[in-house]
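Hi,

Here's the structure I promised to pass on. Have a look at it first, then read my notes below.

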Amino acid sequence: MRHTLLKAAVGVAILTLPISACTSSKPEAPASGGAAASTADPNAPAATTVTVPAKASKNYNIQFLQGVAGDEFYISMQCGAEAEAANLGVTVTTQGPQKFDPTLQKPILDSVTAATPDAILIAPTDVTAMQGPLEAAAAAGTKIVLVDTTTEDPSYATSAIASDNEGGGKAAFDAIAKLNPAGGKVMVMSTDPGISTVDARVKGFEDAVKSNPAFTYLPVQYSHNDPATASNLMSSALQKDPDIVGVFAANLFSAEGTATGVRQAGKAETVKVVSFDAGPNQVKALQEGTVQALVAQQPGIIGQYGVDMAVAALDGGQVTPKVQTGFTIITKDNVNGDGADAVYQSAC
Ligand code: T6T
């Protein structure tokens with residue numbers, strides 16, 4: 001067995017840091033004999049210990065279903081899963097729908113389920129619509145590992161691995177509050193309701209805004225994970241409320257569109273944008289000054305642990321039912337230094 005320590009709720013660590021700081025929350029890749037994650041916050045909650053296998057007993061067939069194809073977050077997750085599969089001697093096959101949409105993801109899952117692979121790693125695209133199909137996959141004898149998103153009742157799953165999404169939403173508000181000490185109007189650009197991750201981020205942000213009387217929360221906007229829609233929504237929001245001081249973009253595509261909308265409205269000087277994720281276009285917006293901070297998740301680590309938990313379950317090893325991964329805050333100050341490692345991959 002290899003052992004590694006993964007800091008639970010590492011996202012909490014960033015709450016205590018100034019906007020220009022970088023957390024050192026990224027767990028190191030598991031290594032034989034053990035490796036410990038580190039965090040800058042001595043008050044961060046106790047570490048989750050994840051025991052990872054050294055080798056699989058056979059070449060298991062593991063299918064990875066992304067939330068959407070072509071998203072650098074899931075590409076990075078694929079890279080982490082494939083690298084760990086090579087370490088353990090198993091095979092990971094990846095596919096994803098063209099849109100983040102359960103009506104497109106369900107048929108893919110159904111056909112994967114029909115072939116009864118040993119395990120499925122999946123980022124379900126909707127908390128309700130994917131519940132039944134995933135229960136059916138588990139009932140057919142396939143081990144299910146949730147990576148990133150979840151469903152209403154994930155009791156069919158062997159393990160669920162994700163960021164502290166609610167904590168990340170709160171951290172995004174804290175970053176916006178530091179950039180706007182006088183307060184003002186803030187809003188969230190999300191994707192769609194019913195996606196566990198972004199809903200949790202919105203909740204974390206909203207709760208934090210509401211506990212700070214200097215800020216006013218404008219209704220959340222839903223961009224359907226489409227940058228052009230996010231850009232249009234942002235332009236309209238700025239026309240209606242030209243005094244918006246901060247926007248939290250809850251994922252990669254809503255962030256791309258938010259940046260475009262703010263830039264086209266000529267508001268880059270006054271509107272502070274903080275977003276989840278760290279795709280190359282988001283980094284460009286950061287470097288250009290349209291976006292002030294990125295909350296980079298650890299998709300490679302999520303994919304890596306996804307494979308570890310699937311193999312552990314198949315070989316009767318130790319499974320950690322709930323694993324929480326950390327964040328790195330990327331700003332202009334560290335994007336060419338410490339933060340560079342946290343930027344997502346466009347290809348493996
Ligand atoms: O933010 C990630 C992921 O965590 C979320 O569930 C969906 O959007 C992304 O894939 C980024 O596009």
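Cys79 and Cys348 are joined by a disulfide, with their sulfur atoms 2.0 Å apart. In case the word is new to you, a disulfide is a covalent bond between the sulfur atoms of two cysteines. Keep in mind that this is a predicted model. The structure holds one disulfide, and the link of Cys79 and Cys348 is left-handed, with -95 degrees about the S-S bond. So what does the pair tie together? Cys79 lies in helix 1 and Cys348 in the segment after strand 16 (328-330), so the link connects parts that are 269 residues apart in sequence.

Now for the ligand. There are 13 residues around the ligand, and those that come nearest are Asp71, Asp148, Thr197, Arg201 and Asp277. Zoom in on some of these and you'll find an oxygen atom of the ligand 2.6 Å from an N or O atom in the side chain of Asp71. For the side chain of Asp277, the distance from a ligand oxygen to an N or O atom is 2.6 Å, and for that of Thr197 it is 2.7 Å. On its own, the ligand has 300 Å² of accessible area, and the protein covers 98% of that. The space the ligand takes up is the largest cavity.

What kinds of residues make up the shell around the ligand? Five are nonpolar, four polar and four charged. Helix 1 (72-88), helix 5 (196-210) and helix 7 (252-264) each supply at least two residues of this shell.

Cheers

Definitions and conventions. Residues are numbered from 1 along each chain as its sequence is written. This is a predicted model: local features need pLDDT of at least 70, side-chain atom pairs count only at pLDDT 80 or more; totals for chains, interfaces and linings use all residues. Side-chain values use heavy atoms; hydrogens and water are left out. A residue is near a molecule or strand if one of its heavy atoms lies within 4 Å of it. A polar contact is a pair of N or O atoms within 3.5 Å; within protein, one must be able to donate a hydrogen and the other to accept it, and residues adjacent in sequence count only if both atoms are side-chain atoms. Accessible areas come from the Shrake-Rupley method with a 1.4 Å probe; for residues, only the protein chains shown count as cover. On a 1 Å grid over the protein atoms alone, a cavity is a set of points where a 1.4 Å probe fits but cannot get out, and a pocket is an open set with protein on both sides within 12 Å along at least five of seven lines; lining residues have an atom within 4 Å of a point. A molecule sits in a cavity or pocket if more than half of its atoms lie within 2 Å of its grid points. Helices (H or I, at least four residues) and strands (E, at least two) are DSSP runs, numbered from the N terminus. Ala, Val, Leu, Ile, Met, Phe, Trp, Tyr, Cys and Pro count as nonpolar, Asp, Glu, Lys and Arg as charged, and the others, Gly among them, as polar. A disulfide is a pair of cysteine sulfur atoms within 2.5 Å.
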